[in-house]
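Colleague: Could you take me through this structure? I would like to begin with the fold and then move on to the details.

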There are 2 protein chains.
Amino acid sequence: MDFAERYGPWAVVAGASEGVGAAVARQLGERGVDVVLVSRRQETLDEVAATVPSRTRTIALDLSTADAASALAEATADLDVGLLVYNAGADPNAALFLDRPVEVWQGLLARNCATVVGLTHHFGGLLAARGSGGMVLVSSGAAWGGGSHLAVYSATKAFDLRLAESLWAELGPRGVHVLGMVLGETDTPAYRRILAGREREGLADPEDVARDMLANLGEGPTFPPDGTPFGALPRRQVVELMSQGASMLHS
Amino acid sequence: MDFAERYGPWAVVAGASEGVGAAVARQLGERGVDVVLVSRRQETLDEVAATVPSRTRTIALDLSTADAASALAEATADLDVGLLVYNAGADPNAALFLDRPVEVWQGLLARNCATVVGLTHHFGGLLAARGSGGMVLVSSGAAWGGGSHLAVYSATKAFDLRLAESLWAELGPRGVHVLGMVLGETDTPAYRRILAGREREGLADPEDVARDMLANLGEGPTFPPDGTPFGALPRRQVVELMSQGASMLHS
């Protein structure tokens, strides 16, 4: 089976307006897969769609609403979807937990966990039935440890990483490739907004991240395949290291 | 400050009907702390309350509903709460992700994550304002890795562990002790129901777990303090080990 046969004819990219999502959409188009682009703003979706060299469908949808998963399932019901890439989930707050109203965090939880559960259940069922395809959940190095300014973000990214791992184990034998994609610091518009003008070296290029993702769809449960960079360090040390890392973004 | 001064006069134990929650409630009573017991069934709550040697208040509440956190906040608004122990969250399903309707998993997510975010935000704010007290989030060894039959459970427990770690970092400097309590296999009614009659050796005693928890409230971010038992093993190996462990519960 070639790539488009296994993961096409359609892929759904949730969080496709910029950064890694937009790069994945373009690269999927280059590989002959048609792409459903999902994000909040229609205008941005149209701009990205114009760069994708295959058929596209744009769906303007807020992924933090309670009915987002069922709305997206309905809006793609007529398509044979072979790949789900869930790339939404940056934390635009990067704030202390008590410094934001709880509704902000419940929205992040809905977008990064509840909608992910809904979509992986829907598309996972369809893919298992056809016996091929894949699902990618984009996680983050923040999944490896909590820390100051990371509370709900780190928690949701750990959720997504564990969910991807379990689904890799459960759906692999049914022909479905599941991958938890652990992003390091990446040069995306979302991350640049958090950096707010601060210099940061060694950021990954979204095009490279997208390429790594698509080249490793069948090499789950995670990319990179390595375990936690913290090894078996006592948790207090891990949390202190994570807090130090995050504090550089708030100085 | 003695124990009851720091963590009293009232503690809230969510998931107090049996097992570790019921043991914690009794031991808090022995240490002179009054206890709010929260669980679904009033009758069970009354039975546990009768074993607690301090004042109690029982609140019958389904922690998987969308308004559970605000309902509990309201029902304790007249009390000076110094400790929150969130112990709800066993997975009564222990099933493959696609073998249950998605509503089952959304309910587990609500109980183990959304309600936890709501309660830690509410009580965390109150505790930070008074400058003392604590919060315990009960997690599980399943937080360390996904695996077959563990999908949403492992994900929610990783969420809780990371949230506890971050809140330890953010609230510790404000006098609030936060602890992520990582349970191993424990001889609770909930776990016995999952075992369904299978023999299992080396289960921990809920009374010992409760004692460890209360003795280590100020020793966060986690108890045990050690890092992941998997060290830096590649994730595929971790997931295979977790899947093997879980498969013994489904043979």
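Modeller: A word on terms comes before the fold: two strands pair if DSSP finds at least two bridges between them. Helices (H or I, at least four residues) and strands (E, at least two) are DSSP runs, numbered from the N terminus. This is a predicted model, in which local features need pLDDT of at least 70 and side-chain atom pairs count only at pLDDT 80 or more, while totals for chains, interfaces and linings use all residues. Residues are numbered from 1 along each chain as its sequence is written, and chains are lettered from A and ligands numbered from 1 in the order in which they are written.

Colleague: In what order do the strands of chain A form the sheet?

Modeller: The order in chain A is β3-β2-β1-β4-β5-β6-β7, an open sheet of 7 strands with parallel pairing. At the edges stand β3 (56–60) and β7 (222–223) of chain A; each has a single partner strand, so one side of each is left without a neighbour in the sheet.

Colleague: How many bridges join β2 of chain A to β3(A)?

Modeller: Strand β2 (residues 34–39) of chain A is joined to β3(A) by 5 bridges, and the two run parallel. Within that pairing, V36(A) has R57(A) in β3(A) as its bridge partner.

Colleague: Which strands does helix α5 of chain A touch?

Modeller: Helix α5 (residues 102–130) of chain A packs on the sheet and touches β4 (81–86) and β5 (134–140) of chain A. Here, residues are in contact if their C-beta atoms, placed from the backbone, lie within 7 Å. The direction of α5 makes about 160 degrees with that of β4(A); axes are lines fitted to C-alpha atoms, for helices over the stretch in contact, and angles run from 0 to 180 degrees between N-to-C directions. Helix α6 (residues 151–171) of chain A lies across β5, β6 (177–183) and β7 of chain A, at about 155 degrees to β6(A).

Colleague: Turning to chain B, why is β1 of chain B largely enclosed?

Modeller: Strand β1 (residues 10–14) of chain B is largely enclosed by the rest of the structure because 5 of its 5 residues are buried. A residue is buried if 20 or more other C-beta atoms lie within 10 Å of its own, exposed if 12 or fewer, and partly exposed in between, again with C-beta atoms placed from the backbone. W10(B), V12(B) and A14(B) point one way from β1(B), while A11(B) and V13(B) point the other way.

Colleague: And which strands pair with β1(B)?

Modeller: β1(B) is joined by 5 bridges to strand β2 (residues 34–39) of chain B, running parallel, and V12(B) has V36(B) as its bridge partner there. β1(B) also pairs in the parallel sense with strand β4 (residues 81–86) of chain B, over 5 bridges; in β4(B), the bridge partner of V13(B) is V85(B).

Colleague: How many residues of chain B are in contact with chain A?

Modeller: On the chain B side, 51 residues are in contact with 51 residues of chain A. α6(B) gives the most to the side of chain B that touches chain A, with 15 residues.

Colleague: What does α6(B) meet in α9(A)?

Modeller: E165(B), W168(B) and A169(B) in α6(B) meet R235(A), V239(A) and S243(A) in α9(A). The axes of helix α9 (residues 235–247) of chain A and helix α6 (residues 151–171) of chain B come within 10 Å and cross at roughly 70 degrees. The two helices are therefore roughly perpendicular to each other; angles under 35 degrees count as roughly parallel, over 145 as roughly antiparallel, 65 to 115 as roughly perpendicular and the rest as oblique.

Colleague: Is H149(A) buried or exposed?

Modeller: H149(A) is buried, with 25 other C-beta atoms within 10 Å. Its phi is near 70 degrees, a positive value in a residue other than glycine, and H149(A) sits in the loop between β5 and α6 of chain A.

Methods:
Contact = placed C-beta atoms within 7 Å.
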